[in-house]
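Welcome! Open your viewer, get your selection tool ready, and follow along one stop at a time.

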Amino acid sequence: MNLPAAPLSSDLAAPLAAIDMGSNSFRLEIAHMPRGQYKRLEYLKETVRLGAGLDADGMLTEAAMQRGLDCLQRFAQRLGGFPAERVRAVATQTLREARNRNAFLQRAKDVLGYPIEVISGREEARLIFAGVARMQPSTLPRLVIDIGGRSTEMILGKGRKPLTAESFQVGSVSLSLRFFPDGKFTAEAFRAAQVAAGAELEEALTLFKPAMWQEALGSSGTVGAVAQILAASGITDGRITQAGLRWCMEQALAAGSMDKLKLPGLKEDRRAVVGGGLCILYTLLSQFGIDELLPAKGALRQGVIFDLIERLEAESAAALGLSSLDMRDASVAALQRRFSVDLAQAARVQSIADVMYKQLCSRAPRERQRELNWAAALHEIGMMVSHHDHHRHSAYLLAHVDAAGFSQDQLKRLGDLALGQRGGLRKLDGLLEDESLLWQLLSLRLALIKCHARSGAVDPQALRLSRQGRRVVVTLAKGWAGAHPRTHFLLQEETAAWARSGMLELTLA
């Protein structure tokens with residue numbers, strides 16, 4: 001289908017891959033956009049049931065993890081040879097919840113061969129809308145719903161712009177496990193499941209009331225599965241209505257159990273979660289005044305690919321000296337406004353940190369350079385809470401804020417940089433074994449010392465850095481130390497702080 005888009009270079013039009021590690025299924029989509037047209041090259045889907053593997057303590061079982069690893073190994077075989085910058089893997093609600101997610105993610109990264117991002121619920125919702133808006137363009141205000149295995153996303157938007165996006169912790173897997181644990185269908189279980197879903201979704205009633213949208217679309221697995229049942233059974237043409245959902249539930253009650261449920265269009269991999277999915281859908285349609293829910297063409301995986309394209313376009317624009325189109329830059333600017341950041345000081349620190357990092361790591365990946373720039377731009381957002389220990393407030397805010405375009409792990413990294421911007425280094429014990437974080441942090445700390453006066457132009461050539469292994473020499477311009485005794489004192493304190501940490505040797509020359 002034709003999609004309005006800026007012209008792409010031949011490199012930008014090369015294939016890209018998105019991996020959606022959902023609570024019920026893992027999906028791999030490979031596509032490209034020659035001449036602005038979205039073309040799917042390959043699509044793989046496996047039912048993993050990762051969300052069903054969370055135990056009562058919020059820990060992923062070994063069996064569930066192994067199912068996920070086996071699937072990712074097969075995906076990795078298909079992706080062999082794909083450049084890392086053209087692959088993006090995202091994980092959703094189950095890995096947002098799992099207490100042992102880091103252990104699983106390390107194993108998953110080793111198997112897949114690419115980084116895996118755990119994204120927030122709102123970021124998941126934004127990417128879902130991006131996929132739907134690009135694959136199924138419209139100028140009408142619309143409500144988009146995506147029922148996953150352990151969460152449901154709702155997005156109100158117009159054109160390509162999401163206006164309100166929220167995520168709720170109720171999904172087809174979690175609801176089915178709770179109310180249909182033995183696979184039995186009863187009227188009491190259906191009623192109880194609908195009450196539970198309604199309680200979780202009730203706070204969304206004012207955000208997504210019918211007066212705000214003119215069409216309602218449903219994305220991804222649950223909606224697609226129910227639409228296929230209704231169409232194959234001749235109940236509707238695929239549109240989901242309250243009457244159609246009641247018919248489905250009547251068939252389930254007549255069958256008595258999921259094993260005996262025989263419906264045209266019901267795929268085997270959906271049988272175990274169809275009860276919970278029907279209850280969430282019926283609750284949504286009845287509570288939000290939805291006459292009919294239409295299956296959407298786009299989903300999270302397409303949104304991830306479109307977002308990846310925008311990042312690559314932003315990189316190309318930056319190389320040409322043009323303004324960036326990366327959503328993350330817009331999010332950083334919005335956070336600066338929201339927390340009343342001193343923009344002049346942030347710009348000073350950013351420019352000096354950038355120069356210093358390039359001196360330390362001339363061949364560092366562009367993404368690491370950008371992380372440092374974002375951390376410098378936001379290192380003082382904690383000032384809005386309190387001037388005292390503002391670095392700790394900044395770290396907390398960055399690690400917990402919703403920021404479009406960022407994964408939870410990347411925001412945590414920015415938070416770690418904010419935490420380490422001043423004071424002792426013991427609070428980052430273990431983290432600085434990651435050399436890329438070590439050099440980012442040293443650059444940020446030295447830039448803050450250089451800019452501590454918070455005024456005037458700052459000469460980036462006054463301090464020059466060179467390093468050999470973990471020995472760093474700071475060369476001061478002739479006469480500079482005498483002209484700036486306070487800054488020189490702070491630099492001496494900095495050399496002592498790193499000496500105590502044992503992580504590197506910092507020397508003034």
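How much space lies in the second largest pocket? About 720 Å³. This is a predicted model, in which local features need pLDDT of at least 70 and side-chain atom pairs count only at pLDDT 80 or more, while totals for chains, interfaces and linings use all residues. Residues are numbered from 1 along each chain as its sequence is written, and side-chain values use heavy atoms, with hydrogens and water left out.

**Stop one: the second largest pocket**

Select Arg126, Pro162, Met327, Ser331 and Ala404, which lie nearest the centre among 28 lining residues. (On a 1 Å grid over the protein atoms alone, a pocket is an open set of points where a 1.4 Å probe fits, with protein on both sides within 12 Å along at least five of seven lines; lining residues have an atom within 4 Å of a point.) Next, colour α4 (121-135), which gives the most to this lining, with 7 residues.

**Stop two: the largest pocket**

Now select Pro115, Glu117, Arg368, Glu371 and Asp409, the residues nearest the centre of the largest pocket. Its volume is about 1,600 Å³, where a volume is the space filled by probe spheres set on the grid points, joined across faces, edges and corners. The lining divides into 14 nonpolar, 6 polar and 21 charged residues. (Ala, Val, Leu, Ile, Met, Phe, Trp, Tyr, Cys and Pro count as nonpolar, Asp, Glu, Lys and Arg as charged, and the others, Gly among them, as polar.)

Keep Arg368 and Glu371 selected: their side chains meet in a salt bridge (3.0 Å, N to O). (That term means a side-chain nitrogen of Lys or Arg within 4 Å of a carboxyl oxygen of Asp or Glu.) Both residues lie in helix α13, 3 residues apart, about one turn of the helix. (Helices are DSSP runs of H or I, at least four residues, numbered from the N terminus.) Glu371 is buried at 4% relative accessible area, whereas Arg368 is partly exposed at 25%. (Buried means under 20%, exposed over 50%, partly exposed in between, with a 1.4 Å probe and protein chains only.)

Then pick Arg328 and Glu367, another salt-bridged pair (2.4 Å, N to O). Arg328 lies in helix α11 (residues 327-338) and Glu367 in helix α13, so this pair ties together parts 39 residues apart in sequence. Which of the two is buried, and which partly exposed? Arg328 is buried at 1% relative accessibility, and Glu367 is partly exposed at 28%.

Conventions:
Helices (H or I, at least four residues) and strands (E, at least two) are DSSP runs, numbered from the N terminus.
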